[in-house]
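Dear colleague,

Please find below the structure that I am handing over to you. My notes on it follow.

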Amino acid sequence: MNYQYLDTPIGTLRLVSSGSHLTAIEFEGRHDNHGPDSEQSDSVLQSATQQLRQYFAGRRKQFDLPLAAAGTDFQHKVWDALGDIPWGELRSYADIALAIDKPSAVRAVGAANGRNPLPIVVPCHRVIGSNGSLTGFAGGLDMKRRLLELEGSLGELPFGGTG
């Protein structure tokens with residue numbers, strides 16, 4: 001595994017790659033142990049760095065990267081549905097459960113959302129509570145709020161929910 005660090009407006013991110021796919025984006029202080037790896041760049045990490053810089057500059061709304069997140073079939077269905085949420089829009093956990101044809105699996109959707117190893121690129125930050133509240137995010141609610149501000153979607157929160 002290769003990795004490199006990227007300084008962003010929300011803190012330092014650690015980007016992890018298998019050499020051919022982006023496998024994780026980790027927030028500062030929350031790095032997982034992926035086994036033996038080396039701080040060295042590769043073409044995937046270079047592309048991810050470039051696209052994330054464009055995102056934070058407001059010039060990129062979708063990512064085009066080879067992804068390989070480790071997870072269950074159910075988690076992958078949830079993460080695929082997250083990838084369908086457009087820039088600047090929000091969805092509830094119930095919306096995602098409906099999108100994957102599992103309307104009673106709202107809690108399981110929340111758990112899968114929380115285990116997303118590729119935040120920002122797979123936009124789990126665009127999921128809020130049904131009451132409009134900002135709910136859990138691996139980087140913390142302040143970071144989630146900052147990402148939603150960047151995307152201009154905080155004005156869309158129903159009930160004026162902010163957490």
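Is Asn131 buried, partly exposed or exposed? Asn131 is partly exposed, because its relative accessible area is 48% (buried means under 20%, exposed over 50%, and partly exposed in between, with a 1.4 Å probe and protein chains only). Please note that this is a predicted model, in which local features need pLDDT of at least 70 and side-chain atom pairs count only at pLDDT 80 or more, while totals for chains, interfaces and linings use all residues. Residues are numbered from 1 along each chain as its sequence is written, and side-chain values use heavy atoms, with hydrogens and water left out.

The C-alpha atoms of Asn131 and Ser92 are separated by 8.6 Å, although these residues are 39 apart along the chain.

The aromatic residues come next. Rings of Phe, Tyr and Trp (its six-membered ring) pair if their centres lie within 6.5 Å; planes under 30 degrees apart count as stacked, over 60 as edge-to-face and the rest as tilted. By this rule there are five aromatic pairs. One of them joins Tyr55 and Phe63, a tilted pair with 5.6 Å from centre to centre and 40 degrees between the planes. Tyr55 is buried, with a relative accessible area of 0%, and Phe63 is buried at 19%. Tyr55 also pairs with Trp87: the ring centres are 5.6 Å apart and the planes stand at 80 degrees, so this pair is edge-to-face. Both Tyr55 and Trp87 are buried. One aromatic cluster is formed by Tyr55, Phe56, Phe63 and Trp87.

Yours sincerely
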